[in-house]
Amino acid sequence: MSPHGIHHVTAFASDTARTIDFYTRVLGLRLVKKTVNFDDPGTYHLYFGDEAGVPGTILTFFPIAQAAPGRVGIGQVSETAFRVPRAAIGAWTHRFVSLNVAHEAPVSVFGETVLRFRDPDGMPLALVGVEGAEAEPAWNAEGIAPETAIRGFHGVTLLLRGAEATAAILTDVLGFAEAAREGSQIRLTSGAALGGFVTLRAVGDFLPGRQGAGSVHHIAFRAADDAVQAAMTERLSAAHGMSVTEQRDRQYFRSVYFREPGGVLFEIATDAPGFAIDEPAAELGTGLKLPPFLEPHRGSIEAVLPKVA
């Protein structure tokens, strides 16, 4: 059975080409799938991750031209963090300086060195130095040494009015357990190397979040298969009174969605079938891929999408 943890994180961006450039050239992730938002096919859905787009490495975007900027607030992801080798933080700091990436000085959080930065839309991101991560596989991106490359997600931080109800969902349904507390933050872990941490930051009354460019739309958590997903869905309904959507086929995984008590949109996504279902692994991300129900409309869809390499 696959470990619990984060499957993917999906966010909004304002410019397609700029988003591809930042996440592939600056951060060294692989563009593993170029498709469209199945619910709004006039918008790209871009998937970035490791070589194969393994669950726990996948950051996805809906780029909407000239989208208004989002605002981090209550009921939102306030930080998305990647794991890198502990010794690589200095190299990444130097890289951000040389490429004019907005960033802060490294700080210690829960005993780990964290380098916070922002993407071109202002999305709050971080690199977390992890002991032993250098032994994990990494995508071989031009200009980034293998010993410093991103290995996948470390985790996410949620900004909430209160943490208890959200923590109950994460621990009782999604496979996490409390690991540590630091000030107003509670760290939960699933034990998975990739995407294994969720930090809850309870701040009481604060401005609500506003979705837009640079904000996270939802977080997806892993389910090994349909049966595990169905069991999670049943537990959400029976024990927590959560209203969960019907299963939706997203071509590369199957999903259900619900709004957790703190206001963040959660998804549960199956590990299978993965991104090689409609193009060879060596060619991931090179062509525009559409699900069968949209293929008859390819011409009209391509006509309205921005042209990208």
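**Group meeting: a walk through one predicted chain**

Gln66 sits in the loop between β4 and β5 (76-85). Residues are numbered from 1 along each chain as its sequence is written, and side-chain values use heavy atoms, without hydrogens and water.

Back to Gln66. Its phi is near 60 degrees, a positive value in a residue other than glycine. Most residues other than glycine have a negative phi, and most peptide bonds are trans. Is Gln66 buried or exposed? Exposed, with a relative accessible area of 80%. The cut-offs: buried is under 20%, exposed is over 50%, partly exposed is in between (1.4 Å probe, protein chains only).

Now Phe110. Phi is near 50 degrees, again positive in a residue other than glycine. Phe110 lies in the loop between β6 (107-109) and β7 (112-118). Phe110 is buried, at 16% relative accessible area.

Ala272 and Pro273 are joined in cis, with omega about 5 degrees. Pro273 is in the loop between β16 (265-270) and α5 (298-304).

Next, the rings. The structure holds 16 aromatic pairs. A pair means ring centres within 6.5 Å for Phe, Tyr and Trp (its six-membered ring); planes under 30 degrees apart are stacked, over 60 edge-to-face, the rest tilted. Phe48 and Phe61 have centres 6.2 Å apart and planes at 70 degrees, so they are edge-to-face. Phe48 is in strand β3 (residues 40-49) and Phe61 in strand β4 (residues 58-63), so the pair ties together parts 13 residues apart in sequence. Both Phe48 and Phe61 are buried. Phe22, Tyr23, Phe48 and Phe61 form one aromatic cluster.

Thr148 is in the loop between β8 (124-130) and β9 (152-160). Thr148 counts as buried, at 14% relative accessibility. What does Thr148 touch, leaving out residues up to four places away in sequence? Val84, Pro85, Ala88, Ala91 and Trp92. Contact means heavy atoms within 4.5 Å.

Last, the whole chain. There are five helices and 16 strands. The radius of gyration is 18 Å, close to the 19 Å the globule rule gives for 309 residues, so the chain is as compact as a globular protein of that length. That radius is over C-alpha atoms; the rule is 2.2 Å times the number of residues to the power 0.38. Buried residues make up 53% of the 309.

Terms used. Helices (H or I, at least four residues) and strands (E, at least two) are DSSP runs, numbered from the N terminus.
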